[in-house]
Amino acid sequence: MADIRIKGRMVNAIRISLDTNDHDAIRQQLSPKLQAAFPPGTLAVIESSVEQELIALIQLLISLDVQPMAVTEGLLGDQARAIQFPVLPPDRQLEEIKATKEQVVEVKPEPTAVNDDQAPAAPIVAHITSYHDEILRTGQCIVQHNGDIIINAGINSGSEVIASGNIHVYGSVRGRVIAGVGGNTAARIFCHSLEAELISIAGTYCVADDIPPHVVKKSVHIYLNDQQELVFEALQF
């Protein structure tokens, strides 16, 4: 019997794109983003639009509780090969499309005593719900950083839905669904048929191989429990 087996598997990793080589600025800007949305030890692929000293950058990311796993082909490729660090081909860029329509809920500030010649304060946008009436096709994505997304059809493999709030898909989910971006642990995902490549809520991920078999191709409600673990709950109609 063979002593070695090779299995295909998707790997959970974030992509860190850098437009600066100022390590103080990288630390200041990246640290709160990581703490809000990703657990310590999160794997990361690095890409950069400017020259970097790669070893120093890797050490910086490790100090931020990120585990660099590779760089994308580009400015960092030669340095990576010189230290036998993995180099990955660049991802095919997804086309971000606009939702069919959006509903904006505004909260106006409490009235205060102001002079007659002083302009009133502008309304504060509290929540946006994006509605999309068509199938999300391979290579497309919809992003909503200030609320929820509701898709009235399915999403194909190779597509992506990203929201700071909840995501509802009234059809088959075959792409990637990422809710609670920014650390919203109360976010939830609902879909009519779960066949996803990846599910994520507030930085907690599950790839296709790890989705519980009893909910595959079923209507499912997904949320985080008190231990910040993904719960897959089959919906009964």
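Student: Why is glutamine 228 called partly exposed?

Tutor: This is a predicted model, and here glutamine 228 has 36% relative accessibility. Buried means under 20% and exposed means over 50%. The value 36% lies in between, so glutamine 228 counts as partly exposed.

Student: Where does glutamine 228 lie?

Tutor: Glutamine 228 is in the loop between β16 (220-224) and β17 (230-234). Its phi is near 60°, a positive value in a residue other than glycine.

Student: What makes glutamine 84 count as exposed?

Tutor: Glutamine 84 has 75% relative accessibility. Exposed means over 50%, so glutamine 84 counts as exposed. Glutamine 84 lies in the loop between α3 (77-82) and β4 (87-88). Phi of glutamine 84 is near 60°, a positive value in a residue other than glycine.

Student: Why is threonine 72 called buried?

Tutor: Its relative accessible area is 6%. Buried means under 20%, so threonine 72 is buried. Threonine 72 is found in strand β3 (residues 66-72).

Student: Which residues does threonine 72 touch, not counting residues up to four places away in sequence?

Tutor: Threonine 72 touches Arg15, Val45, Ile46, Glu47, Val87 and Leu88. Contact means heavy atoms within 4.5 Å.

Student: How do you know that β3 pairs with β4?

Tutor: Two strands pair if there are at least two bridges between them. β3 and β4 have two bridges, in the parallel sense. That meets the cut-off, so β3 and β4 pair. In β4, the bridge partner of valine 71 is valine 87.

Student: In what order do the strands of that open sheet stand?

Tutor: The order is β1-β2-β3-β4, and the pairing is parallel.

Student: What makes β1 and β4 edge strands?

Tutor: β1 (14-18) and β4 each have a single partner strand, so one side of each is left without a neighbour in the sheet.

Student: What is the order in the open sheet of six strands?

Tutor: The order is β5-β8-β10-β12-β14-β15, and the pairing is mixed. β5 (95-96) and β15 (204-207) stand at the edges. Each has a single partner strand, so one side of each has no neighbour in the sheet.

Student: How do you know that β5 pairs with β8?

Tutor: Two bridges join β5 to strand β8 (residues 140-144). Pairing takes at least two bridges, so β5 and β8 count as paired. These strands run parallel. Glutamate 95 has glutamine 140 in β8 as its bridge partner.

Student: Why is strand β9 called largely enclosed?

Tutor: Strand β9 covers residues 147-151, and five of the five are buried, so β9 is largely enclosed by the rest of the structure. Three bridges join β9 to strand β11 (residues 167-173), and the two run parallel. Isoleucine 151 stands opposite valine 169 in β11.

Student: How do you know that the buried residues of helix α2 lie on the same side?

Tutor: In helix α2 (residues 54-63), the residues Leu54, Leu57, Ile58, Leu60 and Leu61 are buried. They cover an arc of only 160° around the axis, which puts them on the same side of α2. Aspartate 65, with a positive phi near 65°, follows α2.

Student: Which residues touch the most other members of the largest nonpolar core?

Tutor: They are Ile155, Leu194, Ile199, Ile201, Ile222, Leu230 and Phe232. The core has 29 residues. Elements that give two or more residues to this core include β9, β11, β16 and β17. Apart from this core lies another, of 19 residues, among them Ile16, Leu30, Leu54 and Val66.

Student: What is leucine 194 in contact with, leaving aside its neighbours within four places in sequence?

Tutor: Its contacts include Val173, Ile199, Ile211, Ile222 and Phe232.

Student: What makes lysine 101 lie over the face of tyrosine 131?

Tutor: Lysine 101 is at 5.6 Å from the ring centre. The distance cut-off is within 6 Å, and the charge must also be within 35 degrees of the ring normal. Lysine 101 is listed as lying over the face. Arginine 188 lies over the face of tyrosine 223, at 4.7 Å from the ring centre.

Student: How many aromatic pairs does the structure hold?

Tutor: The structure holds zero aromatic pairs. Rings pair if their centres lie within 6.5 Å.

Student: How many helices and strands does the chain have?

Tutor: The chain has three helices and 17 strands. Buried residues make up 40% of its 237 residues.

Note on methods:
Residues are numbered from 1 along each chain as its sequence is written. This is a predicted model: local features need pLDDT of at least 70, side-chain atom pairs count only at pLDDT 80 or more; totals for chains, interfaces and linings use all residues. Side-chain values use heavy atoms; hydrogens and water are left out. Buried means under 20% relative accessible area, exposed over 50%, partly exposed in between (1.4 Å probe, protein chains only). Helices (H or I, at least four residues) and strands (E, at least two) are DSSP runs, numbered from the N terminus. Rings of Phe, Tyr and Trp (its six-membered ring) pair if their centres lie within 6.5 Å; planes under 30 degrees apart count as stacked, over 60 as edge-to-face and the rest as tilted. The arc is that of the directions from the helix axis to the C-beta atoms. A nonpolar core is a set of buried Ala, Val, Leu, Ile, Met, Phe, Trp, Tyr and Cys residues joined through side-chain atoms within 4.5 Å.
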